[in-house]
Amino acid sequence: MFIENIRLKNFRNHADSYLECGDKANIILGDNGEGKTNLLEAVSYISLTKSFYASNDSVIVNIGETIFQIEANMVSDNGIKTKIHIGYDLTTGEKVYSINNRRIEKFSSVIGKFPIVFLSPENSNITFGGPAERRKFLDLVLSQSNQTYFEDLSEYRKVVRHRNKILNDAKFHKNDPIALLEPWNEQLIRFGSRIMVRRRNFVNEFQEYIFSAYKKLVDLREVPSMEYEPSFKTGNSEKDEMVFENFKTEIDRKYKEELRLGSTLVGPHRDEISFKINGLELRKFASQGQHKTFFVALKIGEFFYLKERCRENPILLLDDVFSELDDNRAQQMLLLIENLNQTFITSTNFDIFDKVLSFGEKNKKVIVRNGKIAIS
Amino acid sequence: MLYTSESLELLVEELAQLPGIGRKTAQRLAMYIMKLPREEVVNIAKAMVGVKDKVKNCSICSNFTEDDPCLICSSPKRDGSMICVVEDPNDVIAIEKTNEFIGLYHVLGGSLSPLDGIGPEDIKVKELLHRINENTGEIILALNPNVEGEATTLYLSRLLKPLGLKVTRIARGIPVGGDLEFTDEATLSRAIEGRVQI
Ligand SMILES: Nc1ncnc2c1ncn2[C@@H]1O[C@H](COP(=O)(O)OP(=O)(O)O)[C@@H](O)[C@H]1O
Ligand SMILES: [Mg+2]
Ligand SMILES: [Zn+2]
């Protein structure tokens with residue numbers, strides 16, 4: 001998959017920007033605050049039908065305007081062209097996503113059609129940060145590769161919020177809400193165990209993807225691995241029903257504690273996924289360099305995993321990744337991604353790219369300034 | 001921008017209160033109303049006040065009605081042994097359009113939603129239990145396919161099953177005219193999950 005061209009109208013600070021994209025590297029240069037990340041956000045919006053950053057579409061509309069639009073022409077790996085049009089109207093809250101002029105009813109059906117892999121320095125929290133960061137990583141990969149997962153996850157999150165409300169009210173009023181909770185318990189277990197089974201399977205499958213990506217980056221005395229650590233013992237049997245059964249038992253067992261704390265303590269929203277090198281936990285024992293390598297390996301793994309699952313080469317979005325690297329590492333990185341697929345790279349450093357890339361049809365270089373794109 | 005006429009501004013403001021209508025649409029509607037003959041406008045206003053004054057909830061099924069009990073509840077042609085439970089009056093209209101269902105309805109007036117502070121006592125659950133008698137054979141739960149509708153279905157089925165009634169729910173699945181090939185994954189997987197023996 002690649003983007004042939006993209007037009008933004010009143011998307012963030014881009015009043016009217018048009019970019020004819022190269023099908024390999026697209027270098028987006030500019031000082032801080034000029035609108036580079038906003039451009040990547042628009043690309044990710046096509047893929048995810050919503051923003052990475054904003055939970056509310058209204059903040060995306062160019063201040064003082066009422067409607068933002070994205071138009072893009074996508075080309076699949078086997079050459080099929082797709083026309084995308086997205087529009088959001090702040091005054092009515094109406095959002096339209098259409099593919100080839102046909103309005104999409106269910107946005108979730110778009111997820112995974114135009115896979116993306118996103119890298120930014122904040123992203124490196126995946127290895128440094130708490131379990132929520134790793135769950136987010138898993139959720140984004142799994143959602144793009146499996147629509148049912150995406151829907152189960154949004155239903156599950158709603159169920160947890162409703163359930164927490166009941167538990168919290170009960171804590172406050174000191175009553176026993178069991179009759180009210182039961183319909184939510186049933187759904188918590190139903191959606192939750194489906195999510196857990198998929199995450200467990202994913203962690204197993206993904207091992208080899210990290211392994212082979214890691215191998216490309218460093219020598220193999222370091223063996224990377226990944227472990228799924230759910231909030232309760234699921235039993236390592238292959239039987240998916242066991243997760244369901246154990247979930248039920250655990251909900252009963254934790255009931256008193258949930259009442260005391262007023263929130264849901266069991267389920268995939270409490271999962272941990274630990275990363276290891278030679279069996280030692282990355283978070284506790286690894287060096288900065290090992291963190292970086294592991295992170296890049298995860299992202300390359302993600303690329304190949306999505307490529308296989310979505311049967312389409314993902315588009316890579318690299319935000320500010322190069323501003324942090326020295327010339328040597330930057331070159332290494334460029335060579336690594338050059339052969340993968342179309343890539344959008346933002347940077348404040350104007351010089352590093354000319355040494356490695358030749359610009360023309362395949363590789364483009366533009367400058368973003370105050371929400372306007374100029375060909376460099 | 002505000003209008004220089006206070007009454008026009010007031011109309012726009014009132015219209016903009018309606019669900020799904022933003023200020024721009026409200027302005028367009030107000031302009032349209034301005035251009036209508038006076039009688040037309042009076043008719044619209046009368047219709048609005050009319051529903052407020054005349055329409056009430058049926059004392060049996062809670063559906064909107066002008067006569068109590070409503071036309072469906074008082075019809076001798078309907079099969080009183082079946083009660084179809086729905087969230088709101090629009091659902092009754094939708095099911096009636098199919099001409100498939102000859103039983104009675106029960107309109108809950110919403111679904112369980114703890115986050116919105118809606119519990120069993122805020123929807124017509126008590127009224128449902130109250131109207132069940134020895135004639136009642138089957139309760140069909142036809143709530144919306146979301147987590148709130150599902151919670152309501154589960155909650156009601158737990159209350160109703162001990163009463164020795166047949167409790168059923170409508171199936172979720174692939175829309176008619178929908179091609180299996182083009183059905184989205186999630187709908188398809190739910191349909192497979194809810195498969196029935198033939
Ligand atoms: N809704 C919006 N309308 C207008 N400008 C916006 C909006 N949202 C963000 N901006 C502006 O966009 C700029 C940040 O753009 P960004 O793409 O993050 O910059 P960078 O080039 O550093 O990546 C800021 O100047 C911010 O004020
Ligand atoms: Mg930026
Ligand atoms: Zn009635």
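Visitor: Leaving aside its neighbours within four places in sequence, with which residues is P89(B) in contact?
Guide: This is a predicted model, in which local features need pLDDT of at least 70, side-chain atom pairs count only at pLDDT 80 or more, and totals for chains, interfaces and linings use all residues. Residues are numbered from 1 along each chain as its sequence is written, while chains are lettered from A and ligands numbered from 1 in the order in which they are written. Two residues are in contact if their C-beta atoms, placed from the backbone, lie within 7 Å. Beyond four places in sequence, the contacts of P89(B) are N63(B), F64(B) and V107(B).

Visitor: Is P89(B) buried, exposed or partly exposed?
Guide: P89(B) lies in helix 5 (residues 89-98) of chain B; helices (H or I, at least four residues) and strands (E, at least two) are DSSP runs, numbered from the N terminus. A residue is buried if 20 or more other C-beta atoms, placed from the backbone, lie within 10 Å of its own, exposed if 12 or fewer, and partly exposed in between. P89(B) has 19 C-beta neighbours inside 10 Å, and therefore counts as partly exposed.

Visitor: How far apart are the centres of domain 1 and domain 2 of chain B?
Guide: The bounds come from an automatic or database domain assignment, which gives domain 1 (6-54) and domain 2 (70-179) in chain B. Taken over C-alpha atoms, the separation of the two centres is 34 Å.

Visitor: Which element gives the largest share of the shell around ligand 1?
Guide: The shell holds 16 residues, the closest being N13(A), K36(A), T37(A), N38(A) and I63(A); a residue counts if its C-beta atom, placed from the backbone, lies within 6 Å of the ligand. The largest share, 3 residues, comes from helix 1 of chain A.

Visitor: Which element gives the most to the side of chain A that touches chain B?
Guide: The contact takes 21 residues from chain A and 19 residues from chain B. On the side of chain A, two or more residues come from each of helix 4 (147-173) and helix 5 (178-217). The one that gives the most, with 10 residues, is helix 4 of chain A.
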